[in-house]
Amino acid sequence: MPFGLSLGQTLPEQDERALATKHNAALAHMLPLWGPLFGATVVLFTLWDFWIMPARIALTAPLRLALVLIGSIAYRQWRLPWTPVHRAGFIYATHASGMVAGAALLPNGLLIGLAAITATLFLVSLVALRLSTFVLIVLPSTLLLIVLGLGTMSPYGLINTIVLYLFAAGIAAAMMAVLVAFRRQAFLFEKQLLHSARHDSLSGAANRGYLNEAGAREVALARRHKRPLALAMIDIDHFKRVNDIYGHVAGDNVIRELANVCRHNLREGDLFGRFGGEEFVCVMPETEADQAFACVERIRRSIEALRLDTGRGPLQFTISTGIAVLGPGRDQWESLLQEADDALYQAKGGGRNRTQVAGAQPHDQAAP
């Protein structure tokens, strides 16, 4: 997993989508507070209007209030088919335009109020994840500033205002890029922590806690939608003998190779985890008994064909497997696991290096 992302470096597409989803969720919680505070600030600027020119407050106050009220429809989700970023963009466009329009009605208002207008640009740094989004959000109020400046300011004043405004916008955009880089880095750290909490460090398979949690969820979904599901429990034959003869390093390599073979033969939607020691579990949704048997047999034969190099000579190992499928008496995670475990012990009792389906006649798949 990559760490130490450089400024502007993006994540893989799937992670970028996950980051955007997380950002939208956080923004959705923030908008009911962020919006009203921004709106209250714009309305309170009527006090500044009164200080600059009391006679104009009858014009500036209704204008500011009207634009804030228009933007306030995006404070909450209501029935608007907008994402939180769309809502934040609409709030900024209306509220910042209220500041610009109100200032334009005052003598030298745009020039005097430029500091406050440019300060709002930094709010967009908290909202946008991309430069294109940043530009689209600030564009309406920026165009309004230019248009109103053409009608109320001298050429020198207008150029000065635009230059300072664009300078502030550039700093705000750079700040957005830094914040996004921090968000991406935090997302990667969180992803690694979550992966570490859910997966076994040696094999990379799901650990027992996460396996129980996700397995129970898969069983509940299969039962609810009346879909087939199979569970296979895999155990390495004579694993203690492997450690005693070849050493624990070789034993670790055996576990890693088993995990690699299982991942290679399982589908993307299957769940694979280390149940403990040398025992592994495969949860296969949308899978009947014969399909599970065929899959597990491919794994068993691949394992049987492996030859691992060790400092004490070549190592060959085998596995035994028990399979249980969802059905009457096996409609819970625990009962399904128990049935697969019983089938596994049948396979071991039958000579090892074989696959046994719960409730079926013993199979003899041992190598000749």
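At 6% relative accessibility, Leu19 counts as buried (buried means under 20% relative accessible area, exposed over 50%, and partly exposed in between, with a 1.4 Å probe and protein chains only). This is a predicted model, in which local features need pLDDT of at least 70 and side-chain atom pairs count only at pLDDT 80 or more, while totals for chains, interfaces and linings use all residues. Residues are numbered from 1 along each chain as its sequence is written, and side-chain values use heavy atoms, with hydrogens and water left out.

Leu19 sits in helix α1 (residues 13–52); helices (H or I, at least four residues) and strands (E, at least two) are DSSP runs, numbered from the N terminus. Leaving aside residues up to four places away in sequence, Leu19 touches Leu11, Arg183, Arg184 and Phe187, where contact means heavy atoms within 4.5 Å. Leu19 and Val180 lie 161 residues apart in sequence, yet their C-alpha atoms are 9.9 Å apart in space. With 0% relative accessibility, Ser125 counts as buried. Its contacts, again not counting residues up to four places away in sequence, are Phe134, Ala172, Met175, Met176, Leu179 and Arg183.

Next come the helix pairs. Two packed helices are described by the angle between their axes and the distance between the axes. Axes here are lines fitted to C-alpha atoms, for helices over the stretch in contact, and angles run from 0 to 180 degrees between N-to-C directions. Helix α9 (residues 208–224) and helix α13 (residues 333–349) have axes that come within 9 Å and cross at roughly 105 degrees. That makes α9 roughly perpendicular to α13 (angles under 35 degrees count as roughly parallel, over 145 as roughly antiparallel, 65 to 115 as roughly perpendicular and the rest as oblique). Leu211, Asn212, Gly215, Ala216 and Val219 of α9 make the contact with Trp333, Leu336 and Leu337 of α13. Sorted by class, these are six nonpolar, two polar and no charged residues; Ala, Val, Leu, Ile, Met, Phe, Trp, Tyr, Cys and Pro count as nonpolar, Asp, Glu, Lys and Arg as charged, and the others, Gly among them, as polar.

Helix α11 takes part in two such pairings. The axes of α10 and α11 come within 7 Å and cross at roughly 140 degrees, so the two helices are oblique to each other. On the α10 side, Phe239, Val242, Asn243 and Tyr246 meet His248, Ala250, Gly251, Val254 and Ile255 of α11. That contact has six nonpolar, three polar and no charged residues.

With α12 (residues 289–305), α11 (residues 248–265) packs at an angle of about 140 degrees, the axes being 10 Å apart. This pair is oblique too. Glu257, Leu258, Val261, Cys262 and Asn265 of α11 touch Cys295, Arg298, Ile299, Ser302 and Ile303 of α12. Here the tally is six nonpolar, two polar and two charged residues.

Beyond these pairings, the buried residues of α11 include Ala259, and the buried set packs against β1, α10 (239–246), β2 (271–276), β3, α12 and β4. In α12, the buried residues include Ala292, Phe293, Val296 and the charged-looking pair Glu297 and Arg300. The buried residues of α12 pack against β1 (229–236), α11, β3 (279–285), β4 (319–325) and β5 (355–357).
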